[in-house]
Amino acid sequence: MGPKTQRVYETIRSRIESGHYAPGDKLPSERALSAELEIGRTALRQVLARLTNERLITAHDRSRYRVAGAVSVPAPDDLEPWQIHGSRRLYENRWVNLDLVDVEPPGVERFEHHVVRLHHVAITAVVDDQDRVLMLWRYRFVPQRWGWELPGGIVDAGEDAALTAARETEEETGWRPAKVEHVVTYQPMIGMVDSPHEIFVAHGATKVGEPSDAEEAGHVAWIPLAEIPALMGEGKLMGSGTLVALLHLLASRPTTSR
């Protein structure tokens, strides 16, 4: 893409990510976008094809597009949540808290449920222009295994998770990522563990030095995305955050590059 085409791509993508174009909305016609964004129809179609391949928009008629993500199956609205009658802390330190929560599911006798409360975490997948992702080869003593991971860490109190994502990437790899973009927030073990994980993606990074976090640093390498499925099959990818982020990247790749 040339500079003008890239600018238009970033403009439309930003409108989608900000909610200006909401899930399910029709995009303005090619004629309207071409006039508003001052770009030729041929170049505009390259932008729309890229957004389609990234599954941000879907083609629904000749030269018409909708923003992806509209929910077609409504969630039930007649179910009752569990009632929480109280909670008491059994154990607490700077890393792990353990609570015993008095709960009552609908139609079930109330009981006490253990809940492990861990930290809020941010994880970053940095992709370069060669379709490679920045990763760390690390040893984890809990499973007693070596494996590849994405950089990430704990979100400090009062810190924006996007700042954490960028900071941890630089500290652990020595590479400063370009603007990080939020992908998803999820819970890795939602039935018993409370630990929000936020996944970010950055396109490009600048080498600024060596890793500064000796405890978390590992062997730093740029791994081709095309090799990720094989590494996954060999069990060499560790951590749910790494898997969620990499699966997102694989699902978002243009179909022409698969």
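Here is a short walk through this structure, from a sheet to a single residue and then to the cores.

The model is predicted, so to speak of local features a pLDDT of at least 70 is needed, side-chain atom pairs count only at pLDDT 80 or more, and totals for chains, interfaces and linings use all residues. Residues are numbered from 1 along each chain as its sequence is written, and side-chain values use heavy atoms, leaving out hydrogens and water.

Let's begin with an open sheet of 4 strands, in the order 3-4-5-12 with mixed pairing. A strand here is a DSSP run of E with at least two residues, a helix is a run of H or I with at least four, and both are numbered from the N terminus; two strands pair if DSSP finds at least two bridges between them. Strand 3 (83–92) and strand 12 (193–194) are at the edges with a single partner strand each, so one side of each has no neighbour in the sheet. Strands 3 and 4 (residues 97–104) run antiparallel and are joined by 8 bridges.

Now look at Ala59, in strand 1 (residues 57–61). Ala59 is exposed, with a relative accessible area of 56% (exposed means over 50%, buried under 20%, partly exposed in between, with a 1.4 Å probe and protein chains only).

Finally, find the largest nonpolar core, which has 21 residues. Such a core is a set of buried Ala, Val, Leu, Ile, Met, Phe, Trp, Tyr and Cys residues joined through side-chain atoms within 4.5 Å. Val133 and Leu246 are among the members that touch the most others. A second, separate core of 18 residues includes Ile16 and Tyr65.
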